[in-house]
Amino acid sequence: DRTAAWSELEQLVRAAGRSSRRLGPDGVLRLGTLYRSAAADLALGRARYPGDPAVARLEDLVGRARNLVYAAPPRRLSLLRFVTTGYWQLILERPAMLALSAVLMFGPAALAGGWAVNDPGAAGGLLPVEYTSVAEPRTEDTDLGLTTSEEAGFSAEVFTNNVRVTLLAFAGGISAGVVTAAILLFNGVLLGAIAGLSWGAGNIRPFVELVAPHGVLELSCIVVAGAAGLRLGWSLVAPGRRSRVDSVTAEARRTVLIALGTAPWLVLAGLVESFVTPRGVGLTAALAVGLALGALYWAAALWRGRLGATAATAPSL
């Protein structure tokens, strides 16, 4: 009388292979129903008909089905899935924090830029000595308006600073997000002051040519790092129904994953800074490279992040 149900369960187990996800929602529900029925049949068979061959068949079938029904989701995230969907899904998981990170950096940058144009003396006193060349009168002996040594030193300093800011923004989340917010604010002021002084000194073109190829991608990475740090800080301030330890632990895992996913993009920006920027490719080409890298990054985030969100929950370590 039960053969048809057992045969159907066998077919589902065979079709699922190692993962019940292959069955789809309806198949998974049917698998659960047939498993419970077969488990009840097995209990009855063991009690009343221990020597019947059907009991041995049921033991094997119920054992294989149980592995599918109760299998825990894998805790380790495959590298391919992380690169293609997991990382981007984590970026878009908290859009409010992403927007706040961008505002904390680019808002002060706009204000500092206007201040530097109107009061270059005071703004120049704020900058480290490595950036003072942007306020010097432009020379005509190079394509970028700066000497070769100034080009290399200034571009490398910008890249080094952006990498440092990115790493500190990640780590600053453990301070309840205060350090992360301060880093974003300060870096925004620094960026705006440099751009404003360059504008006032007539060096905005060489400034853009030096910074744009790798800077758009680096600034994107800083915004993402800032959002991750703010998320970590918020998990400490407002853990919700979980304990603070559990809340921070869960968010720290995501922060680590975001940091790992961002690292290759910083390496790519470094390669552009090393091999493209020194060539003095011109304003149009510099903007094209920078905007193309930025568009690639955010297009991947919007496309793969939303795609991943519809397929599964956010990845964990």
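These are my notebook entries on a predicted model, taken from the whole fold down to single residues.

**Entry 1: the overall layout**

I began by counting elements, and the protein has 11 helices and zero strands. Reading from the N terminus, I could write the order as α-α-α-α-α-α-α-α-α-α-α. Next I looked up burial: of the 317 residues in the protein, 43% are buried. I also checked how far apart in sequence the contacting residues lie. Taking contacts between residues at least 6 apart in sequence, I found that 80% join residues at least 24 apart.

**Entry 2: helix 4 against helix 10**

Two packed helices are described by the angle between their axes and the distance between the axes. I looked up both for helix 4 (residues 79-92) and helix 10 (residues 244-275): their axes come within 10 Å and cross at roughly 120°. That angle makes helix 4 oblique to helix 10, since 65 to 115 degrees would count as roughly perpendicular and over 145 as roughly antiparallel. I noted the hand of the crossing too, and it is left-handed.

Which residues meet here? From helix 4 I listed Phe82, Tyr87, Trp88 and Leu90. Facing them from helix 10 are Arg254, Leu257, Ile258, Gly261, Thr262 and Trp265. Sorted by kind, the residues of this contact come out as seven nonpolar, two polar and one charged.

**Entry 3: helix 5**

With 24 residues at 1.5 Å a residue, helix 5 should span 34 Å, and its end C-alpha atoms are 35 Å apart, so the two agree. I then wrote down the buried residues of helix 5, among them Met97, Leu98, Leu104 and Met105.

**Entry 4: serine 220**

I found serine 220 in helix 9 (residues 204-237). Is it buried or exposed? Serine 220 has a relative accessible area of 6%, under the 20% cut-off, so it is buried. For its contacts I set aside neighbours within four places in sequence, and that left Tyr297 and Trp298.

**Entry 5: alanine 176**

Most residues other than glycine have a negative phi. I stopped at alanine 176, whose phi is near 65°, a positive value in a residue other than glycine. Where does alanine 176 sit? Its place is in the loop between helix 7 (148-171) and helix 8 (178-200). The relative accessible area of alanine 176 is 31%, so I logged the residue as partly exposed.

Technical notes
Residues numbered from 1 in each chain as written. Predicted model: local features only at pLDDT ≥ 70, side-chain atom pairs only at ≥ 80, totals over all residues. Heavy atoms only, no water. Axes fitted to C-alpha atoms, helices over the stretch in contact; angles between N-to-C directions. Helix = DSSP H or I, 4+ residues; strand = E, 2+ residues; numbered from the N terminus. Parallel < 35°, antiparallel > 145°, perpendicular 65-115°, else oblique. Left-handed = near helix turned anticlockwise from the far one by under 90°. Contact = heavy atoms within 4.5 Å. Nonpolar A, V, L, I, M, F, W, Y, C, P; charged D, E, K, R; others polar. Expected span 1.5 Å × (residues − 1). Buried < 20%, exposed > 50% of the residue type's maximum accessible area, 1.4 Å probe, protein only.
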